[in-house]
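Good morning, and thank you for coming.

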Amino acid sequence: MTDKQHLFQQAVQLLQQLIATPSFSKEEDRTADLIEQFLKQHGIEVHRKLNNLWAWNKHFDPAKPTILLNSHHDTVKPNSGYTRDPFDAKIEDGKLYGLGSNDAGGCLVSLIAVFMYFYEQEGLKYNFCLATTAEEEISGVNGLELIIPDLGKLDFGIVGEPTLMHLAIAEKGLMVLDCTSHGKAGHAAREEGDNAIYKALTDIEWFRNYRFPKESEVFGPVKMSVTIINAGSQHNVVPASCTFTVDVRVTDAYRNEEVLEIIREHVNCEVKPRSIRLKPSSIDKAHPIVQAGIALGRDTYGSPTTSDQSLLDIPSLKIGPGDSARSHTADEFIYVNEIEQGIGIYIDMLEQIC
């Protein structure tokens, strides 16, 4: 077991190194190198595939259940509003500044510290699997999804995203649908053709007003929003096709496939999902890890934003230091004491069940 204060200091130092090293999605090789080197320096056997790293605790026992500790080390690109160098990891007035400090560097280094805390302990009720992964910000196929088969059987996961260390017990899934209504071209001056826009309007109204029978206890109804529409080539031609895009936020009351089937049963347009990979996720409020967090005074809620939780087929809890409202903002930062608090709460929660 390693002293929590020492782990915290190491975590902040590692985060400063990560911030100083650009790691845009699909370009995370250098931060992967840093994390790999850091873990190896602490005697931890590390496995790597592309820019994803994973490790198991020293006394891994295949007869025991396994907890996944996961966060990502890729970042978005800095926006034009930055007034500071996004890669200058300075600490000022208790704030550690820099791109990826809040999303999700603070969570990542805190979970690495937690893994190191439990790494050499014997007699635990659970194994630990640490996975530091790539391409989260673009929901890429070469991130967590790539290595899930290598991680073995997992019983539940803790996904590090900034939640102010409150308990996101459910997360909405996402489907983007490309819809096409087909008509027949004709001259607008005569009674010709079959106007695809009018046909699309009927389906768009359905998307606007339909309410799915099942509703989530956490989120309420599934939300569907028509966000883009395109049709026509010139004013005097009846359009033969009309395309529109629908953003569907799927709750934990449904699987993506079920929602897609219901939609296709009710509309006349052609419906093509861009992907059904980003699934809704949840964990029972009665689960021991959730109850451990509640016992420490943490609140439960449902998260409307997507994360790598959407790629997991196991119960998972999203929790981490930092504030989601700071993610992707100019002059991003995390309070240093949020990292210290995060490490402490993670460990206190896990000690209750391990």
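This is a predicted model: local features need pLDDT of at least 70, side-chain atom pairs count only at pLDDT 80 or more; totals for chains, interfaces and linings use all residues.

What volume does the second largest pocket have? Its volume is about 250 Å³. A pocket here is found on a 1 Å grid over the protein atoms alone: it is an open set of points with protein on both sides within 12 Å along at least five of seven lines, and lining residues have an atom within 4 Å of a point. Grid points are joined across faces, edges and corners, and a volume is the space filled by probe spheres set on the points.

Residues are numbered from 1 along each chain as its sequence is written, and side-chain values use heavy atoms, with hydrogens and water left out.

The lining of the second largest pocket includes D252, Y254, R255, K279 and D313. The elements that contribute two or more residues to this lining are α6 (256–266) and β15 (281–282); helices (H or I, at least four residues) and strands (E, at least two) are DSSP runs, numbered from the N terminus.

The largest pocket holds about 340 Å³ of space. It is lined by 21 residues, and E136, E161, T305, T306 and S324 are the closest to its centre.

D252 leads us to S216, which is in contact with T251, D252 and A253, leaving aside neighbours within four places in sequence; contact means heavy atoms within 4.5 Å. S216 sits in the loop between α5 (196–209) and β11 (223–231). Is S216 buried or exposed? S216 is buried, at a relative accessible area of 7%. Buried means under 20%, exposed over 50%, and partly exposed in between, with a 1.4 Å probe and protein chains only. The side chain of S216 also reaches the backbone nitrogen of F219 at 3.0 Å.

Finally, the interior. A nonpolar core is a set of buried Ala, Val, Leu, Ile, Met, Phe, Trp, Tyr and Cys residues joined through side-chain atoms within 4.5 Å. The largest such core has 59 residues, and L69, I289 and L350 have the most contacts inside it. Helix α3 (residues 101–119) gives the most to this core, with 13 residues. Apart from this core lies another, of 25 residues, including A196, F212, Y254 and L260.

Technical notes: A polar contact is a pair of N or O atoms within 3.5 Å; within protein, one must be able to donate a hydrogen and the other to accept it, and residues adjacent in sequence count only if both atoms are side-chain atoms. On a 1 Å grid over the protein atoms alone, a cavity is a set of points where a 1.4 Å probe fits but cannot get out, and a pocket is an open set with protein on both sides within 12 Å along at least five of seven lines; lining residues have an atom within 4 Å of a point.
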